[in-house]
Amino acid sequence: MSLRTWVRTLWGLAAVLNGAALAMIFFYAPVEIQMGAVQKIFYYHVPSAIAGYVLLFLAFLFSILYLWKDDPSYDLLAYTTAEVGFVFITVVLVTGPIWGRSAWGKWWVWEPRLTSALILWLMYSAYFLLRLFSRHEARAARIAAVVAIIAFFDVPIVHKAIEWWGSIVHPKKVVLEPPMRQTFFVAMIAVFTLAAALTLTRFMVGKAEERRQAQREATP
Amino acid sequence: MNYVRVVALIFAKDFREELRRKENVISSLLFAFLSLVLFAFALDPTQVDLNRTGSGLLWLIILFAGSLFMGASFRKEMETGTLQALLLSPTDRSAIFLGKFLVNLVFLLFLEGLLLVFAYLLLDVQTGPVLVPLAVAWIAVTVGYAALGTLFSALIANVRGGQVIYPILLFPVLIPLVIAAATLTQDALAGRPVYTSQWLRLVALFDTLFVTASVFLFEYAVEE
């Protein structure tokens, strides 16, 4: 199967799974007693956070591979995973305050996990800004790789620092009713399928851009 | 030539150059002083006790003025072709990094010392009695700051608009260091223990991790 067919299948799967997840969230999962309907954001908030972190971890691995092997494909993979990961972290930062508004009574609280996500978001904003500014620079890919590696090493330290600094915390352990757990499980797969489809599509677009660039350089 | 001598030579060259060129040193110091004066107007020291709330502000000044200085440290090398020559010379590249890093470290510590003097003179921040623990904390924080500042400065040296991106790139990564610096300074000023603080351990971890990472990654940052 070609990559294109794979991606099409993945998109179809993502559509079905996300439809199923949404249906389960609204019609199957019970309403949480304390927080009410807003708690349902949880089913997309948490999987998005996990998907975001996994993608940024992949971006870190691909950045190391790029510096090590010097293969431009790794650079494109690093860029792709970072971009899609950034989108999911953005989803976390948008859904978090909506949930927080009803759970804590404020749009934003300087809570460790949410704040860490915000700092990560800032780091990657700078990463894309750098990519934008340095796109005519021969070392652009190397520069970006170095930044991605530093940012990744910083994440645990940022998290620890924010934890000591702040006071309000996420619940350490969440107890879920079986229907909630099943819904969460489906939503998790749905979000990850969507993340994979987005990443691969973005990768194909990147490859197409490379081909176009090569053609442009080849024609006198 | 042995490694230490190469580092010392590069340090001496850069140090002399900064002193002779003056513009970089003076503009950063003036900027820091100006920020201090502006903070006095923004906060009204007759109302706010800066001994309790000033530590974070002092570190903001160090962050801004320091990045002004470090952001330029590789630019002129690129423009004059010095970096090219250094890279061509048969030395370990990490020696070039360490030389630069030491110059930046020395400048930042000098800036911090002056800032403390002026914070005392103008804003009555009483650092005299706690100078030793304060110095330990600030030196520890400055090591990590200078390491990443030097590495990122090498990264953006040739990038169009690099001066603009530099602080945007550097500050988010430094956030844990800034929190630690503000907390440690506040603790020192209040007479609370500094050496046993968990924050000092976090700073030590940060320093070890990022000095090592910078030494390794510098080579990739400058390679053409």
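Colleague: Hi! To start with chain A, what percentage of its 220 residues is buried?

Modeller: Hello! This is a predicted model, and in it buried residues make up 46% of the 220 in chain A.

Colleague: Thanks. How many helices and strands does chain A have?

Modeller: Chain A has six helices and zero strands. Along the sequence the pattern reads α-α-α-α-α-α.

Colleague: And what box do the C-alpha atoms of chain A fill?

Modeller: Roughly 70 × 45 × 25 Å, taken along the principal axes. As for contacts within chain A between residues at least 6 apart in sequence, 79% join residues at least 24 apart.

Colleague: Is A:Val191 buried or exposed?

Modeller: Buried, because its relative accessibility is 1%, and the cut-off for buried is under 20%. Leaving aside residues up to four places away in sequence, A:Val191 touches A:Asn18, A:Tyr44, A:Pro47, A:Ser48, A:Ala51 and A:Phe88.

Colleague: Nice. Switching to the two chains together, at what angle do α4 of chain A and α8 of chain B pack?

Modeller: Helix α4(A), residues 112–133, and helix α8(B), residues 162–189, pack at about 155 degrees, with axes 9 Å apart. The two are therefore roughly antiparallel, since angles over 145 degrees count that way.

Colleague: Which residues make that contact?

Modeller: From α4(A) they are A:Ile119, A:Leu122, A:Met123, A:Ala126, A:Tyr127, A:Leu129, A:Leu130 and A:Phe133. On the α8(B) side they are B:Ile165, B:Ile168, B:Leu169, B:Pro172, B:Val173 and B:Ile175. By class, that gives 14 nonpolar residues, no polar ones and no charged ones. The crossing of α4(A) past α8(B) is left-handed.

Colleague: Where does α8(B) have its kink?

Modeller: The kink is at B:Leu174, amounts to about 55 degrees and comes shortly before the proline B:Pro176. Helix α8(B) is mostly covered, with 20 of its 28 residues buried. Just after the helix, B:Gly191 takes a positive phi of about 80 degrees.

Colleague: What does B:Phe206 touch?

Modeller: Not counting residues up to four places away in sequence, B:Phe206 touches A:Asp154, A:Ile157, B:Gly144, B:Leu148, B:Val173, B:Leu174, B:Pro176 and B:Leu177. That list includes B:Leu174, where α8(B) has its kink, and also the proline B:Pro176. B:Phe206 is found in helix α9 of chain B, residues 198–222, and is buried at a relative accessible area of 1%.

Colleague: One more pair, please. How do α1 and α6 of chain B pack?

Modeller: Helix α1(B), residues 3–21, and helix α6(B), residues 93–123, pack at about 45 degrees, with their axes 8 Å apart. They are therefore oblique to each other, and α1(B) passes α6(B) in a right-handed crossing.

Colleague: And which classes do the residues of that contact divide into?

Modeller: Twelve are nonpolar, two polar and three charged. Among them are B:Asp14 and B:Glu18 of α1(B), along with B:Lys100 of α6(B).

Notes. Residues numbered from 1 in each chain as written. Chains lettered and ligands numbered in written order. Predicted model: local features only at pLDDT ≥ 70, side-chain atom pairs only at ≥ 80, totals over all residues. Heavy atoms only, no water. Axes fitted to C-alpha atoms, helices over the stretch in contact; angles between N-to-C directions. Helix = DSSP H or I, 4+ residues; strand = E, 2+ residues; numbered from the N terminus. Parallel < 35°, antiparallel > 145°, perpendicular 65-115°, else oblique. Left-handed = near helix turned anticlockwise from the far one by under 90°. Contact = heavy atoms within 4.5 Å. Nonpolar A, V, L, I, M, F, W, Y, C, P; charged D, E, K, R; others polar. Buried < 20%, exposed > 50% of the residue type's maximum accessible area, 1.4 Å probe, protein only. Bend = angle between axes of the 7 residues up to and from the residue.
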